[in-house]
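Trainee: Could we go through this model together? I would like to begin with how the terms are used.

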Amino acid sequence: MQALFASTNVWMIALLIFASRVLNMALDTLRMMFVMRGMKPLTFILGFFQTVVFVYALGSVISDLNNPVNTVAYALGFATGNVTGMMIEKRLALGYINITIISPTNGRQIAETLRGEGHAVTEIPARGKDGAVEVLECSVQRKFAKQVQDIALEADADAFITSRDIQRIWRGYWRD
């Protein structure tokens, strides 16, 4: 067993399995995000490459089940690949998001600032736990979500902000 851990070849194979599994899971995470957003061509391409990498990585582990280093590398690659895929997807920020801003004091100012930045905003007067509030609905490309949040919080640090992924169905205004 000690000879197994001393071999440079064992560690190189384990490193390749780890890297393959990270790539496999990053592709899988991105593929699932594209499935949810209805992006068929990208889903197809990522699915093909993800499967090729998966077969290689799994085959490398199965070919030597007596080697615990490969199994650990495979498991670590799985976990790391999930997080890596999430980081890549967040950086790409593809798709659309609906941001709801509830402001008890500065709803109109937030709406005007957002419109000044080119975003469409729907203002809805409402009543909250402590009285009158302004509900703002703003649908934007995900890449603008942080900007919308920053504008809202700068105008009203007590604003309540939520978001949800959406798909554009028909018409409306979208900032490019």
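Mentor: Let us start with burial: a residue is called buried when its relative accessible area is under 20%, exposed when that area is over 50%, and partly exposed in between. Please also keep in mind that this is a predicted model.

Trainee: Then are E89 and R142 buried or exposed?

Mentor: Both E89 and R142 are buried.

Trainee: What does E89 form with R142?

Mentor: E89 and R142 form a salt bridge, and their closest N and O atoms are 2.6 Å apart. E89 belongs to helix 4 (residues 68-92), while R142 sits in the loop between strand 3 and helix 6 (145-155), so the pair ties together parts that are 53 residues apart in sequence.

Trainee: How many salt bridges does the count come to?

Mentor: The count comes to eight salt bridges. In general, side chains of opposite charge can pair when their charged atoms come close.

Trainee: What about R108 and E123, where do their side chains meet?

Mentor: The side chains of R108 and E123 meet in a salt bridge with an N to O distance of 4.0 Å. R108 is part of helix 5 and E123 is part of strand 2, so this pair ties together parts 15 residues apart in sequence. R108 counts as exposed because its relative accessibility is 54%, whereas E123, with a relative accessible area of 23%, is partly exposed.

Trainee: And K146 with D150, what is the N to O distance there?

Mentor: It is 2.8 Å for the salt bridge between the side chains of K146 and D150. These two residues are four apart in helix 6, so about one helical turn separates them. K146 is exposed at a relative accessible area of 52%, and D150 is partly exposed at 34%.

Trainee: Changing topic to the overall fold, what pattern does the chain follow along the sequence?

Mentor: The order is α-α-α-α-β-α-β-β-α-β, made up of six helices and four strands. The radius of gyration is 23 Å, well over the 16 Å that the globule rule gives for 176 residues, so the protein chain is more spread out than a compact globule. Its C-alpha trace spans about 70 × 35 × 25 Å along the principal axes.

Trainee: How much of the chain do buried residues make up?

Mentor: Buried residues make up 36% of the 176 residues. The protein chain exposes about 11100 Å², of which carbon and sulfur atoms supply 64%. As for contacts with a separation of 6 or more, residues 24 or more positions apart account for 73% of them.

Trainee: Which residues make the nonpolar surface patch?

Mentor: The patch consists of F44, I45, F48, F49 and V52, and its area is about 550 Å². V52 lies in helix 3, which covers residues 40-62, and with 46% relative accessibility V52 counts as partly exposed.

Trainee: Next, T100. Where does T100 lie?

Mentor: T100 lies in strand 1, residues 96-103. T100 counts as buried because its relative accessibility is 9%. Its side chain makes a polar contact of 3.1 Å with the side chain of E137.

Trainee: What else does T100 touch, leaving out residues up to four places away in sequence?

Mentor: Besides E137, T100 touches V135, L136, F160, I161, T162 and R164.

Trainee: And V133, where is that found?

Mentor: V133 is in strand 3, residues 131-141, and it is buried with a relative accessible area of 16%. Leaving out residues up to four places away in sequence, V133 touches several residues, among them I102, S103, P104 and I124. V133 and N106 are 27 residues apart in sequence, with 8.9 Å between their C-alpha atoms.

Key
Residues numbered from 1 in each chain as written. Predicted model: local features only at pLDDT ≥ 70, side-chain atom pairs only at ≥ 80, totals over all residues. Heavy atoms only, no water. Patch = residues over 30% accessible without salt bridge, like charges linked within 9 Å, V, L, I, M, F, W, Y side chains within 5 Å. Areas by Shrake-Rupley, 256 points an atom, 1.4 Å probe, with all protein chains shown as cover. Buried < 20%, exposed > 50% of the residue type's maximum accessible area, 1.4 Å probe, protein only. Polar contact = N/O pair within 3.5 Å; in protein donor to acceptor, adjacent residues only side chain to side chain. Contact = heavy atoms within 4.5 Å. Rg over C-alpha atoms; globule rule 2.2 N^0.38 Å.
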